[in-house]
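Subject: Structure handover

Hello,

Here is the structure I promised to pass on. My notes on it follow below.

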Amino acid sequence: MPFILSFTKNAVCDGPGLIILGLLASGGWTIAYIACVYIGFKQKTYCIPFVTLMINFAWELYFTFSAFQCAPNKWCVQRVTNVIWTILDTLIVISLLVYGFKYFEKIFHKVVWYSTLLFIFCSALTFIILFQESFDPTGGISAFSDNYLMSCLFIPFYYVRKAQSGYDLNGQSLVIAISKCIGTLATSIAWGGCSGNDAPILLYIYVMITLLDLYYITLL
């Protein structure tokens with residue numbers, strides 16, 4: 001990954017390569033979100049582990065409508081993309097609210113289940129706001145941290161769903177897995193290589209997300 005980031009600085013950051021990375025990043029995640037919405041409602045399930053889904057939803061809401069910086073009184077491309085992602089993320093959360101309880105009804109009372117989701121969302125939103133004000137003005141670190149958690153949780157998510165439904169991997173798809181991997185890898189190269197966000201901990205996160213995503217793809 002350090003070699004890739006160094007190559008990126010020299011080869012693509014000042015040319016059309018950066019546009020390609022942007023298209024891969026936004027396109028990859030948009031396809032993943034659309035697939036989550038489609039599969040979730042078609043199969044009456046939810047497609048992203050609920051803890052990281054609620055964290056991701058909190059991040060999308062905050063950085064889309066409050067903290068994201070564009071030119072005054074203007075909507076930049078990234079904000080438009082974030083709005084689209086927030087709309088799709090909202091639909092994914094709705095699929096969780098509608099279909100998620102059936103997976104936990106043996107261990108949660110319904111009130112406890114929905115209270116847990118609300119608590120995760122509120123605590124995540126509070127943490128994101130405080131973290132942004134203290135250490136992370138662009139929201140990139142918190143976004144990659146949530147992405148790392150998501151990649152980690154997709155693996156037990158696979159095994160739990162497999163145990164629950166045999167070989168019917170309800171709510172999981174290669175389209176989601178591959179699109180997320182491509183979108184995140186492109187974002188890692190662009191944000192890490194072109195914007196200079198290459199601290200050792202960030203390099204570690206970039207590499208681990210990629211490895212975990214590739215491993216999850218092999219499971220499917």
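Helices (H or I, at least four residues) and strands (E, at least two) are DSSP runs, numbered from the N terminus. Read along the sequence, the protein chain runs α-α-α-α-α-α-α-α. That comes to eight helices and zero strands.

Some ground rules. This is a predicted model, where local features need pLDDT of at least 70 and side-chain atom pairs count only at pLDDT 80 or more, while totals for chains, interfaces and linings use all residues. Residues are numbered from 1 along each chain as its sequence is written, and side-chain values use heavy atoms, with hydrogens and water left out.

**Overall**

The protein chain has 220 residues, and 49% of them are buried. Buried means under 20% relative accessible area, exposed over 50%, and partly exposed in between (1.4 Å probe, protein chains only). Contact means heavy atoms within 4.5 Å. Of the contacts with a separation of 6 or more, 79% join residues 24 or more positions apart.

Axes are lines fitted to C-alpha atoms, for helices over the stretch in contact, and angles run from 0 to 180 degrees between N-to-C directions. Angles under 35 degrees count as roughly parallel, over 145 as roughly antiparallel, 65 to 115 as roughly perpendicular and the rest as oblique. A crossing is left-handed if the near helix is turned anticlockwise from the far one by less than a right angle, and right-handed if clockwise. For residue classes, Ala, Val, Leu, Ile, Met, Phe, Trp, Tyr, Cys and Pro count as nonpolar, Asp, Glu, Lys and Arg as charged, and the others, Gly among them, as polar.

Start with α6 (residues 140-165) and α8 (residues 200-219). They pack at an angle of about 25°, with axes 9 Å apart. That makes α6 roughly parallel to α8. Their crossing is left-handed. On the α6 side, the contact includes Phe144, Tyr148, Phe154 and Tyr158; on the α8 side, it includes Tyr206, Met208, Leu212 and Asp213. The residues of this α6 and α8 contact divide into 18 nonpolar, three polar and one charged.

Next, α7 and α8. Their axes come within 9 Å and cross at roughly 165°. The two helices are therefore roughly antiparallel to each other. This crossing of α7 and α8 is left-handed. Among the residues that meet are Lys180, Cys181, Leu185 and Trp191 in α7, and Ile209, Thr210, Asp213 and Ile217 in α8. By class, the contact of α7 with α8 has twelve nonpolar, four polar and two charged residues.

Last, α6 and α7. Their axes come within 12 Å and cross at roughly 150°. That makes α6 roughly antiparallel to α7. α6 passes α7 in a left-handed crossing. Contact residues include Phe144, Asn147 and Met150 of α6, and Lys180, Thr187 and Trp191 of α7. The classes in the contact of α6 with α7 are five nonpolar, six polar and one charged.

**The salt bridge**

How many salt bridges does the structure hold? One. A salt bridge here is a side-chain nitrogen of Lys or Arg within 4 Å of a carboxyl oxygen of Asp or Glu. Asp213 pairs with Lys180, and the closest N and O atoms are 3.0 Å apart. Asp213 lies in α8 and Lys180 in α7 (residues 174-194), so the pair ties together parts that are 33 residues apart in sequence. Both Asp213 and Lys180 are buried.

**Individual residues**

Cys36 is found in helix α2 (residues 16-43). It is buried, with a relative accessible area of 2%. Leaving aside neighbours within four places in sequence, Cys36 is in contact with Cys47, Ile48, Ile92 and Ile176. Cys36 and Ile92 are 56 residues apart in sequence and 6.6 Å apart in space, C-alpha to C-alpha.

Ser179 lies in helix α7. At 9% relative accessibility, Ser179 counts as buried. Beyond its neighbours within four places in sequence, Ser179 is in contact with Gly28, Trp29, Ile31, Ala32 and Leu174. Ser179 and Ser26 are 153 residues apart in sequence, and 10.0 Å apart in space, C-alpha to C-alpha.

One backbone point. Most residues other than glycine have a negative phi. Lys44 has a positive phi, near 55°. Lys44 is found in the loop between α2 and α3 (50-67).

Best wishes
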